[in-house]
Amino acid sequence: MKFNIYAFILLLAISLTSCTDVIDLTLDDPEPVLVVDGYISNIDTIQYLKLSSLENYFSQQAPNYAIYKTAKVYLIENGIRVDTFIYEPTTTQFEIRYEGIVANEYQVDITLPDGTRYISAAELMEDPVPIDSLWAEINESPGGPGPQGEDVVVLMNTMEPAGIGDNYQWKTYVNEEYQNAAFDLFFVDDRFVDGQPVNDFEVFGMSGKKYDEYKADSPNGKVIVRIEQIKITYRYLNYLELVFQQLVQIGSPFAAPPAEIRGNIYKQGENEVLALGFFYTASLDSKSVDIEK
């Protein structure tokens, strides 16, 4: 009898699917764990910090940023308390007007309503690196200029200063809407470009369909992309790598194993008890490009 490999594969697939059971998994609500999201930048602007609590894994609710609204939140500069974050109900975040200073170290000191106190590790404010130029390239035909075939790609030129140890993150805003999907996490160290010009560097791409959506929703019919080039500490770079591994590098034989994402915010007197999240310094420069398509 002649062996039919295609029939065998079909039979195997049917047998595997027929043995699949649906399991409803119910998880208990977690113990309250503080979640911190915030940073201090070198720009004279409103600096913010958000506080929330860990939710059930299957929760469809947005984080409750008002849960700790009566907390006391202080900014520490070089070991000295210099300002107080004030809770703003309209934005549900703690805010201050402040400008971080290069070469100074910053921490956040948080006392929750029940008296529990957390403090972040000191983070150095690095020298910002300017973006020399920013522009967009557009391709109307299928399979655009970007590595993923995007129709619109934003590129930049910059100069990486000499000296190994610089770390960068790029954030993108389209019509001032922050692009915060997992695949938008974009960061790197300088080991391969130390002291060199970085030209025609692709920092963002989007499809023509997405561009059209932004254009239609824009009150002035414009699509403006703003890029922030942020110099960050090595500790925060490691944190971003862990977040990226757990959010994106999953579902394959080469995926990173599940791991605890350790931030830099510790419970006072108990250094092994951490809040979730990270309070970091952001030395940034930004430029915008008005994209016409």
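**The cavity and other local features**

Mentor: The largest cavity is lined by Gln169, Trp170, Lys171, Thr172, Tyr178, Gln179, Asp184, Leu185 and Phe186. The model is a predicted one, in which local features need pLDDT of at least 70 and side-chain atom pairs count only at pLDDT 80 or more, while totals for chains, interfaces and linings use all residues. Residues are numbered from 1 along each chain as its sequence is written, and side-chain values use heavy atoms, with hydrogens and water left out.

A cavity is a set of points, on a 1 Å grid over the protein atoms alone, where a 1.4 Å probe fits but cannot get out; its lining residues have an atom within 4 Å of a point. The volume is the space filled by probe spheres set on the points, which are joined across faces, edges and corners. The count comes to one cavity of 30 Å³ or more, and the largest holds about 30 Å³ of space. Strand β11 (residues 167–174) gives the largest share of its lining, four residues. Strands here are DSSP runs of E with at least two residues, numbered from the N terminus.

Next comes a sheet. Three strands form an open sheet in the order β9-β10-β14, with antiparallel pairing; two strands pair if DSSP finds at least two bridges between them. Its edge strands, β9 (131–138) and β14 (197–206), each pair on one side only. Strand β10 (residues 152–159) is joined to β14 by seven bridges in the antiparallel sense, and Met156 stands opposite Phe201 in β14.

Two further residues deserve attention. Glu123 lies in strand β8 (residues 123–124) and has a relative accessible area of 1%, so it is buried (under 20%, with a 1.4 Å probe and protein chains only). Its side chain makes polar contacts with the side chains of Thr233 at 2.5 Å and Arg235 at 2.6 Å. Such a contact is a pair of N or O atoms within 3.5 Å; within protein, one must be able to donate a hydrogen and the other to accept it, and residues adjacent in sequence count only if both atoms are side-chain atoms.

Ser283 belongs to strand β18 (residues 276–291). Ser283 also counts as buried, at 0% relative accessibility, and its side chain reaches the backbone oxygen of Glu126 at 2.5 Å. Leaving aside neighbours within four places in sequence, Ser283 is in contact with residues including Asn42, Met125, Pro128 and Lys231, where contact means heavy atoms within 4.5 Å.

Definitions and conventions:
Buried means under 20% relative accessible area, exposed over 50%, partly exposed in between (1.4 Å probe, protein chains only). On a 1 Å grid over the protein atoms alone, a cavity is a set of points where a 1.4 Å probe fits but cannot get out, and a pocket is an open set with protein on both sides within 12 Å along at least five of seven lines; lining residues have an atom within 4 Å of a point.
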